[in-house]
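Please find below my note on the model you sent. It is set out as numbered points, to be read beside the coordinates.

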Amino acid sequence: MLRFDVITIFPDLLGPYLAESILARAQEKGLLEVHVHDLRDYTTDRHKSVDDRPYGGGPGMVMMPGPIFTAVEDIEAKADVKPRIVLLTPQGRTFTQSLAAEFSNQPRLMLVCGRYEGFDERVRTGLAADEISIGDYVLTGGELPAAVIIAATARLLPGVLGHEDSARDDSFSLDGRLDHPQYTRPADFRGMKVPQVLLSGHHQAIEDWRRQHRLARTRERRPDILCRD
Ligand code: ADE
């Protein structure tokens, strides 16, 4: 069982995505729990402020440490194990399949979604938090990245995927090789034919064809992830 706590100023953004398909079933089966917390519930002023202007000047607003510390400490106080704390920001280290695997072995993860120009640095240092980015582009906030991390991590939990898919995942995960091309019926679609070898029933030839295409594709598109055969 893995429990996520997500801290955000837009708690309604995550609900619909988590309520569908594999993630919904994982929660029904008790393999995954996702608790979403509204950061504004942890503010102390009349305006429910979560951000303020940066010291030293400059554009934009910075997320204040106060409400985030209060939220994290409140959630931690009710937890039986200390959750690992992750801040979602474009300044973080890049999320990968191997980090998803590492996360899937944790009992609890706390995801703190950033907005505006980012977090007051004392959030990271004071909470001993990891900063994670989902890629080299800037979104309007950390809510989509939180959903990405939950989805990539949850499908690695034992029992979340069918047996077939989990086995597949071990040999074809992104850390090693891209997947080979896939085809389904019809065998001839508008004159575009499925490669003959895939219709041959010759298992060894099919496996060779697939391995060759995984390698060629990875070389061409993602030489950065290619390791030796
Ligand atoms: N917030 C804004 N952009 C982001 C990104 N690429 N990854 C994580 N959090 C973000």
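Predicted model: local features only at pLDDT ≥ 70, side-chain atom pairs only at ≥ 80, totals over all residues.

1. Domains. The chain splits into domain 1, residues 2–154, and domain 2, residues 171–229. Between the C-alpha centres of domain 1 and domain 2 the distance is 37 Å.

2. Ligand shell. Which residues surround the ligand? They are L88, T89, P90, I132, S133, I134, G135, Y137, V138, L139, G141 and P145. By type, the shell has eight nonpolar residues and four polar ones, with no charged residue.

3. On its own the ligand has 260 Å² of accessible area, and the protein covers 97% of that.

4. Pocket and contributing elements. The ligand takes up the space of the largest pocket. Two or more residues of the shell are given by each of β5 (84–94) and β7 (130–133). Of these strands, β5 supplies the largest share of the shell, with three residues.

5. Cis peptide. The peptide bond between R185 and P186 is cis, with omega at about 5°. Where is P186 placed? P186 is in the loop between α7 (163–172) and β8 (188–189). Most peptide bonds are trans, so this bond deserves a look in the display.

6. Positive phi. S21 is not a glycine, yet its phi is positive, at about 55°. The residue belongs to helix α2, which runs over residues 21–28. For most residues other than glycine, phi is negative.

7. Points to keep in view. For the backbone, they are the cis bond at R185 and P186 and the positive phi of S21.

How values were computed. Residues numbered from 1 in each chain as written. Heavy atoms only, no water. Near = heavy atom within 4 Å. Areas by Shrake-Rupley, 256 points an atom, 1.4 Å probe, with all protein chains shown as cover. 1 Å grid on protein atoms, 1.4 Å probe; cavity = no way out; pocket = protein on both sides within 12 Å on 5 of 7 lines; lining within 4 Å. Sits in = over half its atoms within 2 Å of the grid points. Helix = DSSP H or I, 4+ residues; strand = E, 2+ residues; numbered from the N terminus. Nonpolar A, V, L, I, M, F, W, Y, C, P; charged D, E, K, R; others polar. Domains from an automatic or database assignment.
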